[in-house]
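Please look over the chain shown below before reading the notes on it. The briefing starts with the overall make-up and then turns to single elements and residues.

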Amino acid sequence: MLDIECFSFLNRALESDMAPILIMATNRGITKIRGTKYQSPHGIPIDLLDRLLIISTKPYSEKELQQILKIRCEEEDVEMSDDASIVLTRIGLETSLRYAIQLITASSLVCRKRKGTDIGIEDIKRVYSLFLDESRSTQFLKEYQQEFMFSEVTEKDEMETS
């Protein structure tokens with residue numbers, strides 16, 4: 001997240017003769033601009049926001065996600081069964097594309113260890129049980145936070161994240 005000083009620098013840079021092309025991505029709504037008490041859309045100052053061309057995006061559909069995962073398998077020289085592809089696509093929809101892509105490599109290693117040629121559902125299930133995605137990791141930390149040596153979460157923090 002950028003603060004007001006960073007936005008000021010970017011504003012000045014956009015006014016120069018050698019103005020850069022500035023590409024920003026955000027998923028923030030109306031929120032506070034860091035370093036100020038003011039709120040604005042995306043946490044970006046209004047004067048900078050007026051200079052931007054905003055392109056809306058949408059999440060990938062299931063078919064698009066499956067195609068992306070298929071391309072990634074081809075790039076990694078990995079063969080995957082159709083059932084495993086469906087399971088991996090479902091995982092990608094429920095978690096993230098990045099997590100699903102990371103499971104391809106790990107599943108390939110599990111498949112190779114069992115001397116298989118195609119990644120199957122059992123390989124994906126094995127890797128899914130070993131490696132947590134962000135939401136399952138967060139849930140685990142919340143459940144066992146008192147057992148960690150340096151747990152710094154207070155009740156106030158706990159209520160804010162819920």
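The chain has eight helices and four strands, where helices (H or I, at least four residues) and strands (E, at least two) are DSSP runs numbered from the N terminus. Along the sequence these elements follow the pattern α-β-β-α-α-β-α-α-β-α-α-α. This is a predicted model, in which local features need pLDDT of at least 70 and side-chain atom pairs count only at pLDDT 80 or more, while totals for chains, interfaces and linings use all residues. Residues are numbered from 1 along each chain as its sequence is written, and side-chain values use heavy atoms, with hydrogens and water left out.

**Overall shape and surface**

- The radius of gyration of the chain is 22 Å, whereas a compact globule of 162 residues would have one near 15 Å; the radius is taken over C-alpha atoms, and the globule rule is 2.2 Å times the number of residues to the power 0.38.
- Taken along the principal axes, the C-alpha atoms fill a box of roughly 60 × 45 × 25 Å.
- Of the 162 residues, 25% are buried, a term that means under 20% relative accessible area, with exposed meaning over 50% and partly exposed in between (1.4 Å probe, protein chains only).
- The chain exposes about 12,600 Å², of which carbon and sulfur atoms supply 54%, the areas coming from the Shrake-Rupley method with a 1.4 Å probe and, for residues, with only the protein chains shown counting as cover.
- Among contacts (heavy atoms within 4.5 Å) with a separation of 6 or more, 49% are between residues 24 or more positions apart.

**Helix H1**

- Helix H1 covers residues 4–15, twelve in number, and spans 17 Å from its first C-alpha to its last, close to the 16 Å expected at 1.5 Å a residue, where the expected span is 1.5 Å times one less than the number of residues.
- Phe7, Leu10, Asn11 and Ala13 are buried in H1.
- Seen down the axis of H1, these buried residues line one face of the helix, because they fall within an arc of 165°, the arc being that of the directions from the helix axis to the C-beta atoms.
- The buried residues of H1 pack against helix H2 (46–49), while Glu5, Phe9, Arg12 and Glu15, on the other side of H1, are exposed.

**Cysteines**

- The structure holds zero disulfides, a disulfide being a pair of cysteine sulfur atoms within 2.5 Å.
- The sulfur of cysteine 111 has its closest cysteine sulfur in cysteine 73, which at 11 Å is too far for a bond.
- Cysteine 111 is found in helix H5 (residues 97–113) and counts as buried because its relative accessibility is 4%.
- Leaving aside residues up to four places away in sequence, cysteine 111 touches Gly116, Thr117, Asp118, Ile119 and Asp123.
- Cysteine 6, by contrast, counts as partly exposed because its relative accessibility is 32%.

**Residues with positive phi**

- Most residues other than glycine have a negative phi.
- Histidine 42, although not a glycine, has a positive phi of about 65°; histidine 42 lies in the loop between strand S2 (39–41) and H2, and at 26% relative accessibility it counts as partly exposed.
- Lysine 115 also has a positive phi, near 65°; lysine 115 is found in the loop between H5 and strand S4 (118–119), and at 75% relative accessibility it counts as exposed.
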